[in-house]
Every structure is written in structure tokens, then in C-alpha cells.
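Subject: Structure for you to look at

Hello,

Here is the structure I promised to pass on. Please open it first, then read my notes below.

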Amino acid sequence: MKLHTALILCSLGATALPSQAAQFEEYGRVIRAQPRVEQIRQPREECRTEYVPVPHQQRGYQQPQRNAGGAILGAIAGGVIGNQVGGGSGRAAATAIGAVAGAMAGDRISNNGQPVDDRRYGRQDERYNDYPQEQAIRQCRTVDAWESRTTGYDVTYDYRGRSYTTFTQRDPGERIRLRVTVEPDVY
């Protein structure tokens, strides 16, 4: 019985084989390969540098605090000493000269010999010249840049006198490999 069943199954299998599909490879001639292009947004950073003037206060410069008391006391002392010299109208001139000289000496003594740094009149203390006159400020912003990117190809090809269209990831070149399936039309 087992042998009889096996023979029946083999004969059925042999009759079923011709109705199965057959596959093979062939090539079609490429008529056109049109790239499929997409616009991709690529944000990027765009920067520029501006140079702006730096105010004196930010350059490390500070106007030294000057003490006027020494100049006042020096003017009084110089005026008294100048008044002791000379006589008549020369006494008045000596008093004025003594007051001016005393004011200058008193100012130097009370301000430890610091020179006057008066930028309004164009005079500067050279100690403050090594600071930059401008400061570089970098400003950045994000901008949208669009990039064209090929995502594949719409390929039109000819196979045995008929045109077909398909999508491929790569450009196939002059010919495209086809997998052909042949199966009988059994009703």
C-alpha cells in the first residue's frame, strides 16, 4: 500500500511540474532614465564679524580722580610768597605768578605726579594707548539652504517591442536586467 501511494504521488507531481512557472534573466534596452530629484532643506549657520568702537570705559581706561585741594592750597601759599617779593605794581605780578606756580606744584603733590589726561582737548596719557580702539563682534544666524538630491530614476525600457516603466535606485545605463517569469495560462 505504501508503494502504491508513493507511485500515485509521484505521478501527480510529474503532471504538476509543467504547470509551474519558469524564471530566467534577460535584458531590456533603456529608452530613458529620468532622475527623480527632491529638494532637501539643510539648515546652516551663517556668521559675520562686525567691528564696533569701544567706549573708553570699556577699554580699561578710567579717568583718574583728581584732587583739587592741593592746587587750591598751593595757589594760596604761592600767592602769599609772591606777595612778599617786590613792591608796587611788581608785587601784584609776583603774587599772580606765585599763585599759578603754587597751584601747579600743589596739584602735582596732591595727585602723586599723575599727568592730566584730557581727551576732550586731544591730549592723552600714553599708558592707555595699548587698548584696542575697535572690538570684533561675531553675529551668527541659522538660514535655510536647499539642496537638490537625486533619490532614484524613473526608467523607461523596451522589451520585445513593448515599453515598460519602473523605478530604480541607480541609473541602469544602456540596458536593464529583467527577471522574466513564464507560466501557462491554465483554466
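Ile-76 sits in helix H2, which spans residues 69–84. Keep in mind that this is a predicted model. Is Ile-76 buried or exposed? Its relative accessibility is 53%, and the cut-off for exposed is over 50%, so Ile-76 counts as exposed. Leu-73 also belongs to helix H2. Leu-73 has a relative accessible area of 59%, so this residue is exposed too.

Both residues are part of a nonpolar surface patch, together with Ile-72 and Val-80. The accessible area of the four comes to about 410 Å². One distance to check from here: the C-alpha atoms of Ile-76 and Gly-106 lie 9.8 Å apart. In sequence, 30 residues separate Ile-76 from Gly-106.

Now the sheet.

Four strands make up an open sheet. Their order is S3-S2-S1-S4, and the pairing is antiparallel. Strand S3 (162–168) and strand S4 (175–182) form the edges, each with pairing on one side only. On average, neighbouring strands in this sheet are turned by 30° against each other, direction ignored.

How many bridges join strand S1 to strand S2? There are 24, between residues 22–53 of S1 and residues 134–159 of S2, in the antiparallel sense.

The hairpin of S2 and S3 has 2 residues between the strands. In that hairpin, Arg-160 adopts a positive phi near 55°.

Next, the charged pairs.

The model has 7 salt bridges in total. One of them joins Arg-41 and Asp-144, with 2.7 Å between the closest N and O atoms. This pair links distant parts of the chain: Arg-41 lies in strand S1, Asp-144 lies in strand S2, and 103 residues separate them. How exposed are the two partners? Arg-41 has a relative accessible area of 43%, so Arg-41 is partly exposed. Asp-144 is at 45% relative accessibility and therefore counts as partly exposed as well.

Arg-44 and Glu-46 form another salt bridge. The closest N and O atoms of Arg-44 and Glu-46 are 3.6 Å apart, within the 4 Å cut-off. Arg-44 counts as partly exposed, because its relative accessibility is 45%. Glu-46 is partly exposed too, because its relative accessibility is 31%.

Glu-50 is at 30% relative accessibility, so Glu-50 counts as partly exposed.

If you have time for a quick look, I would start with these places:

- the nonpolar patch of Ile-72, Leu-73, Ile-76 and Val-80
- the hairpin of S2 and S3, with Arg-160 at its positive phi
- the salt bridge of Arg-41 with Asp-144

Best wishes

Terms used. Residues numbered from 1 in each chain as written. Predicted model: local features only at pLDDT ≥ 70, side-chain atom pairs only at ≥ 80, totals over all residues. Heavy atoms only, no water. Pairing = 2+ DSSP bridges. Axes fitted to C-alpha atoms, helices over the stretch in contact; angles between N-to-C directions. Buried < 20%, exposed > 50% of the residue type's maximum accessible area, 1.4 Å probe, protein only. Patch = residues over 30% accessible without salt bridge, like charges linked within 9 Å, V, L, I, M, F, W, Y side chains within 5 Å. Areas by Shrake-Rupley, 256 points an atom, 1.4 Å probe, with all protein chains shown as cover. Salt bridge = Lys/Arg side-chain N within 4 Å of Asp/Glu carboxyl O.
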